Amino acid sequence: LATNDAEVAFPFWCAGFGVLLSLFGVAYVRCQHLDPATTTLSSLLGVIRGGIMVAVALSTAGALISAIILFEGERAFEVWGCTLIGLVSGEIIGNFTEYVTSYEDAPTRGISNAGKFGHAPVVIKGLGVGMLSVIVPTLAIGITVIACNEIAGLYGIAVSAVGMLSTLGVTLATDAYGPVADNAGGIAEMAELPDTVRDKTDKLDSLGNTTAATGKGFAIGSAVLTSVALIVSYLQLAGLTAAQVGVSQPTVMIGALIGAMLPFVFAALTMLSVDRAARAIISEVRLQFAQAPALVQQAWQTEDEYEAALEQKRAEFRAKLAAENPNEEHMNRISGNDGKAYPDSNRCVAIATQSAIYEMVLPGGAAIFVPVIIGYLLGAAALGGLLIGSLTSGFMLALTMSNAGGAWDNAKKWVEKCGSEGEEITADDEVKPIGSFNIKWTTYGVKKADKARGLLQTYAEGGALSLVTNRNPGDLEATTGFAAGNTEWEAWKRETAEELATFFKSRKDPVVSGDTVGDPFKDTSGPALNILIKLTSIVSLVLAPTLRTRQNAFEEDSWWIAIIVLVVTGILAFVSTSQINAAFSKSEAEAEEKLATARANAAALRASGAAAPVVAADAGDVQVDAEAAPAPAAAADAEEEKTADAAEPAEETTEAAA
């Protein structure tokens, strides 16, 4: 597309200035200081947005300087105008993505509210939000293509993609920030840091989900603009005219349909890969729950009793390991029935990493070899149709999956935030503030029972109990009052706190299901479609010179090449897929066999009077046999009466039941 040295050099100059000047945007973000007590997702997004705007302004100036140096006269401002249009288009896509995926705005909060009706409405609502989110980016990209083509032709379209990515130093940092904040929250939870720390990491995690979706929006938009330039280059190198790639040509229509199908097949392959890996990890987790039943809260345990019992088991295991090796630090784990330490995350990590490598063989091969097969079998024009079809459907599907996944994730974060910090009462709420209390907890409940007890006491003393629970305390206020330590009030408060925690779980579970669907959407299939769009265009561009003499379908000197490639790749795909499926089936069978052994051991211990937990056959969850398992106090007495030479597995299982 470039016709002289200046046009070749300008993208490098523009990108170089953008990388350097984006550092000022990063510095702007680092210099902002926020009060943790008043910080919201909107204020965090404002800081990130400010850093991006600084980078955009400086990159615009850098592009103008580059254009003036490299070009003469009006051409300099034409090229710079295309760069500016690309930057503005990227900002429009980024801001709209923030609106769709931020829990401060209506789309994501609507998904959270759908959880009150069950799991399916959350999934349906999220898909609807993701599908609607394609409107603004599509219009932005369409206007960019038309405007840049009018200003500077096809070169202007390519330059607009460079302009959109000139602030990559900031936008890529915001994209990478998401998993960093997510892992920080996971570390805080595993280390059992105070709830205040987890609340802060949740805010940062929500910010990371939104910025990651914004970064994906930039990447998808630039991929479309880049692919448009690559497709035009392919048509020129292949010697195709506009009439030859028109919809009136049957082979072009066939190619367009196959191209439109390709992103869906690619996304399906990656989603099924996630499914297989997830099932393997679920089998492993079920096995670990069977070997260490104390990791699961029993039906007769309250939240406080479960956490106290688990902490006791952890302390016993730490003491045991410290006596064996005092110089080694140990994680918060417990001893299982087999004497091993649980939970063992290394086994789950190994399954995930192996699956990530094995499962990419088939999608990667499809992206490379499908253009080869179509080009040599149906001709150069059909391959052009394939590129157009894959670009259009891939763009829509990538936006839908990325934005829907981000919205699902932040819908869960909103429910968790309301369960931890409450929901601020706004002017549109039916509930009105009571005195100085302007936070309500009735929409999603309270995350922890102990926190709920404290809230009930505080709000009751302030006469605002209705902002925490809809349950009527009856005559307690008139007869006994809400004084802490009062027996009747403490019993009502404890029962109500458990109900609030259960209510929170009923609201959280549906959005967790949505987040579970959304994670492979936004982290696997959606971003992978960018690679598919660009990779098919690049492979076709490489093939273009060889297809210049193969304009028609089933050319005598080329159709057999396509058949050979199709047969060879089909055989390789079948063999590799069969091997992968066999490996996963074998691992699942081994896990089921180990799980059956664990159940048999538990049954033998229960028959001998050890009151071992029962492992459910359908879900691998640990339950307690109501007839065989004694009450907690009786189980503790039975454990004290056990002889010192009792077998260790039986002892560990009895402790878990107690």
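**Aromatic pairs and helix packing in the predicted model**

Tyr103 and Trp414 are both buried, a term that denotes under 20% relative accessible area, with exposed meaning over 50% and partly exposed lying in between (1.4 Å probe, protein chains only). The structure is a predicted model, in which local features need pLDDT of at least 70 and side-chain atom pairs count only at pLDDT 80 or more, whereas totals for chains, interfaces and linings use all residues. Residues are numbered from 1 along each chain as its sequence is written, and side-chain values use heavy atoms, with hydrogens and water left out.

The chain contains 19 helices and six strands, assigned as DSSP runs (helices H or I, at least four residues; strands E, at least two) and numbered from the N terminus. Of its 658 residues, 46% count as buried. Among contacts with a separation of 6 or more, 76% are accounted for by residues 24 or more positions apart, contact meaning heavy atoms within 4.5 Å.

Six aromatic pairs are present in the structure, a pair being rings of Phe, Tyr and Trp (its six-membered ring) with centres within 6.5 Å, and planes under 30 degrees apart counting as stacked, over 60 as edge-to-face and the rest as tilted. In one of these, the ring centres of Phe96 and Tyr99 lie 6.3 Å apart and the planes stand at 35 degrees, so the pair is tilted. Phe96 and Tyr99 are separated by about one helical turn because they are three residues apart in helix H3 (residues 74-101). Phe96 is buried, at a relative accessible area of 19%, while Tyr99, at 39%, is partly exposed.

The pair formed by Tyr103 and Trp414 is likewise tilted, with 5.3 Å from centre to centre and 45 degrees between the planes. This pair links distant parts of the chain, 311 residues apart, since Tyr103 belongs to the loop between H3 and helix H4 (106-114) and Trp414 to helix H13 (residues 380-421). The charged end of Arg109 sits over the ring of Trp414, 3.9 Å from its centre, the criterion being NZ of Lys or CZ of Arg within 6 Å of the ring centre and within 35 degrees of the ring normal.

Turning to helix packing, the axes of helix H1 (residues 5-31) and helix H6 (residues 135-164) come within 10 Å and cross at roughly 15 degrees, which makes H1 roughly parallel to H6, a description applied to angles under 35 degrees.

Note on methods. Axes fitted to C-alpha atoms, helices over the stretch in contact; angles between N-to-C directions. Parallel < 35°, antiparallel > 145°, perpendicular 65-115°, else oblique.
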